Amino acid sequence: MTIPELSWKRFEHVGDVVRTGQRVRGEVLAFDTTNGEARLSLRALQPDPFQSFADNVGVGHRFSGTVTKIVPFGVFVEHDPRAT
């Protein structure tokens, strides 16, 4: 399981999401028969917050948020739905 597939939410350490010996339910994304590994996703079984946002916010809608990152192609804004 890769780190991005653990959760939609941001976390500091893998141990914040799962622990050694913990039983989890996930979705199989791929099999690597050469190495005998399966790629799993816990996130795939959780609601997609981006889809939820897109379903509830239309073009022209205004909201408040906090800029978390600036990159050459735009900015990342953390939106708190309680602040809308």
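Which residues lie nearest the centre of the largest pocket? The legends below start there.

**View 1. The largest pocket and its lining.** Nearest the centre of this pocket lie P49, F50, V77, E78 and H79, and 24 residues line it in total. Here, a pocket is an open set of points on a 1 Å grid over the protein atoms alone, where a 1.4 Å probe fits, with protein on both sides within 12 Å along at least five of seven lines; lining residues have an atom within 4 Å of a point. Its volume is about 1,100 Å³, counted as the space filled by probe spheres set on the points, which are joined across faces, edges and corners. Helix α1 (49-56) gives the largest share of the lining, five residues. Helices (H or I, at least four residues) and strands (E, at least two) are DSSP runs, numbered from the N terminus. This is a predicted model: local features need pLDDT of at least 70, side-chain atom pairs count only at pLDDT 80 or more, and totals for chains, interfaces and linings use all residues. Residues are numbered from 1 along each chain as its sequence is written, and side-chain values use heavy atoms, with hydrogens and water left out.

**View 2. A nonpolar patch on the surface.** Look for F53, F63, V67, I70, V75 and V77, which together have about 540 Å² of accessible area (Shrake-Rupley method, 1.4 Å probe, only the protein chains shown counting as cover for residues). Patch residues have over 30% relative accessible area and no salt bridge; like charges are joined within 9 Å, and nonpolar side chains (Val, Leu, Ile, Met, Phe, Trp, Tyr) within 5 Å. Strands β3 and β4 each supply at least two residues of the patch. F53 is found in helix α1.

**View 3. Salt bridges at E5.** Side chains of opposite charge can pair when their charged atoms come close. A salt bridge is a side-chain nitrogen of Lys or Arg within 4 Å of a carboxyl oxygen of Asp or Glu. E5 forms one with R39, with the closest N and O atoms 3.9 Å apart. R39 lies in strand β2 and E5 in the segment before β1, so this pair ties together parts that are 34 residues apart in sequence. E5 also meets R43 in a salt bridge (3.5 Å, N to O).

**View 4. The salt bridge between E78 and R10.** The closest N and O atoms of this pair are 3.9 Å apart. E78 lies in strand β4 and R10 in the segment before β1, so the pair ties together parts that are 68 residues apart in sequence.
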